[in-house]
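Colleague: I would like a close look at one part of this model, with the terms spelled out as you go.

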Amino acid sequence: MHQEHAHRGPRSEPGPADQELLTIGAFAARARLSPKALRLYDRLGLLAPAHVDEASGYRYYRAGQVERARLVALLRQLDMPLARIAEVVEAESRAGADLLAAYWDDAEARFAAQRTLAEYLRGRLSGRSSEMYGKFVVETVDVPERVVLTETRHTLADELPVWIPASLGRLEEGAEQCGGITGAPFVVYYAEVSTESDGPAETCVPVADADAARVWAAKRGLPWQAKVRVEPAQRLAYTRITKAQVAHPQILAAFEAVEAWIAERGLSYDGPCREVYFADWDAAGPEDAVCDVAFPVR
């Protein structure tokens with residue numbers, strides 16, 4: 001492989017200063033980056049040289065590429081995925097700023113979730129589980145019998161954030177065509193859903209017209225094997241959690257807190273656990289209450 005010298009390279013026809021061609025060494029010095037980083041950016045498709053000499057293999061950059069090189073380096077410090085970096089640097093300045101803002105909102109939600117998880121794990125590792133569960137307020141509510149539109153799927157935990165909103169969106173659209181939605185949508189877990197266990201889980205939307213729902217499920221819901229069933233009247237023991245706490249695995253602390261509350265009172269389980277989503281998920285912030293973690297009890 002040819003060595004790329006850090007001297008000023010050939011010039012293009014006379015023009016603006018930002019059209020000046022620089023060797024990789026000179027360009028790296030001006031951009032305050034290493035030649036190794038520039039080769040990486042080239043390999044990843046984030047910053048290609050303006051010219052590569054066919055005979056020598058030397059890379060040359062235009063002075064006007066300095067700003068892009070520095071921007072890529074700064075975005076990488078935010079742990080932004082390479083595909084997202086490419087979108088930001090290719091966008092117009094305002095659009096790029098909006099893309100960055102959206103990414104950072106997501107990152108802050110992840111940090112809030114990780115902070116909750118760290119507190120949960122510290123409590124578990126230090127043997128303070130009972131103290132940790134005390135942070136959750138557990139109550140009971142009686143829920144009447146309901147007809148629900150449902151989808152059931154075997155899924156791992158990392159797939160839930162994609163599948164649940166997509167599935168509930170389909171079912172809510174169907175319910176609106178069948179007399180309307182009569183209660184908060186919920187997800188039932190018939191077995192553990194984790195990074196290794198795939199449930200199954202069932203999304204449910206209470207619907208007004210059972211006969212119309214069966215017709216809709218047989219026609220429009222067929223690709224997703226939508227079904228209609230009757231959810232019996234039941235008493236739920238539940239705790240309310242924030243959007244940040246919904247993320248797996250820290251949501252496990254909420255489930256365990258309700259289970260501990262049930263055991264302390266000598267109650268029996270009367271069905272599989274579930275998550276009841278009563279708030280507008282997209283409009284909620286990380287610390288807003290959005291979900292009830294619940295167990296049917298008797």
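How many bridges join S2 to strand S3, and do the two run parallel or antiparallel?

Modeller: This is a predicted model, in which local features need pLDDT of at least 70 and side-chain atom pairs count only at pLDDT 80 or more, while totals for chains, interfaces and linings use all residues. Residues are numbered from 1 along each chain as its sequence is written, and side-chain values use heavy atoms, with hydrogens and water left out.

S2 is joined to strand S3 (residues 59–62) by two bridges, and the two strands run antiparallel; strands here are DSSP runs (E, at least two residues), as helices are (H or I, at least four), both numbered from the N terminus, and two strands pair if DSSP finds at least two bridges between them. Within this pairing, Val52 stands opposite Arg59 in S3. In general, strands of a sheet pair through backbone hydrogen bonds, either parallel or antiparallel.

Turning to the helices, H1 (residues 24–31) and H2 (residues 35–43) pack at an angle of about 100°, with their axes 9 Å apart; axes are lines fitted to C-alpha atoms, for helices over the stretch in contact, and angles run from 0 to 180 degrees between N-to-C directions. Ile24, Phe27 and Ala28 of H1 make the contact with Pro35, Leu38 and Arg39 of H2, where contact means heavy atoms within 4.5 Å.
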